[in-house]
Amino acid sequence: MGGKAVIILHSGDMDKVYSALIIANGALAMGMEASIYFTFWGLMRLKKGELEKGPLSKMNMMGAGKQMVKKRMEKAHVAPLEKLMNDFKELGGKIIACEMTMEIMGIDKEQIRTEWVDEWGAVGSYIHEARDASITLFI
Amino acid sequence: MAELEVDVRGQTCPVPLVECRKAFKKASPGDLVIVKGTHPASKKEIPMACEALGLTVLEIEDKEGGKEWEIKIRR
């Protein structure tokens, strides 16, 4: 049983980055292929040292809410995003980085964790990737 | 035939599934993979993953009065 999951990560919020990486890792673990297309605020999380830096999508309260949720996550033994990203890559997950976002936000490749990126692309890359996918999500 | 142990006791979603997948990649066909965990959903989701991957679940056993579980899988 194969199949493919393709996720667009548009949000850079910590909780949504978790959603994307958990779902993508779940797909890989269950024998599917998985790709994540990082665009807009999501792309910011590919910058060096920024993976864990996103705010909480709700009740961030200038970072106080995020700190509280992070503590609760630690207590519940939730894996850090860095581990989920490394697992995703180890299991063959693919990362596509949006070139237009880089241009709009003025980001150079030197600012990005390029060791994670398999492809630099635009909408055509997403459609090409997703046209035969059985799961596709916009987060 | 080798035996691989995956200890994911105390770990939560999606780590038990992910660590199993890593072990299946490392193991050779015929090897025995023994997974020990505490995360309740993984107890039913690991067998679902095995079915999707075409692997045989030999045994699912509750341990420590139901607080832990152990799943034996033939790679």
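Predicted model: local features only at pLDDT ≥ 70, side-chain atom pairs only at ≥ 80, totals over all residues.
Leaving aside neighbours within four places in sequence, K63(B) is in contact with E68(B), W69(B) and E70(B). Another lysine, K26(B), is 37 residues away from K63(B) in sequence, and the two C-alpha atoms lie 26 Å apart in space.

Stepping back to the whole of chain B, there are two helices and four strands. Read along the sequence, these elements follow the pattern β-α-β-α-β-β. The radius of gyration of chain B is 11 Å, close to the 11 Å that the globule rule gives for 75 residues, so chain B is as compact as a globular protein of that length. Along its principal axes, the C-alpha trace of chain B spans about 30 × 20 × 20 Å. Buried residues make up 35% of the 75 residues in chain B. As for how the chain meets itself, take the contacts in chain B with a separation of 6 or more: 60% of them are between residues 24 or more positions apart.

Helix 2 has 14 residues and reaches 21 Å from its first C-alpha to its last, close to the 20 Å expected at 1.5 Å a residue. Which residues of helix 2 of chain B are buried? They are S42(B), I46(B), A49(B) and C50(B). These four cover an arc of only 100° around the axis, which puts them on the same side of helix 2 of chain B. Just after helix 2 of chain B, G54(B) takes a positive phi of about 75°.

That link to chain A leads on to the place where the chains touch. Here, 15 residues of chain B are in contact with 15 residues of chain A. On the chain B side, the elements that give two or more residues are helix 1 (15-26) and helix 2 (40-53). Helix 1 of chain B gives the most, with six residues. The chain B side divides into ten nonpolar, three polar and two charged residues.

Chain A itself comes to six helices and five strands. From the N terminus on, its elements run β-α-β-α-α-α-β-α-β-α-β. A compact globule of 139 residues would have a radius of gyration near 14 Å, and the 15 Å of chain A agrees with that. The C-alpha trace of chain A spans about 40 × 40 × 25 Å along its principal axes. Of the 139 residues of chain A, 32% count as buried. Among contacts in chain A with a separation of 6 or more, residues 24 or more positions apart account for 76%.

Terms used:
Residues numbered from 1 in each chain as written. Chains lettered and ligands numbered in written order. Contact = placed C-beta atoms within 7 Å. Nonpolar A, V, L, I, M, F, W, Y, C, P; charged D, E, K, R; others polar. Rg over C-alpha atoms; globule rule 2.2 N^0.38 Å. Buried ≥ 20, exposed ≤ 12 C-beta atoms within 10 Å, placed from the backbone. Expected span 1.5 Å × (residues − 1). Arc of directions from axis to C-beta.
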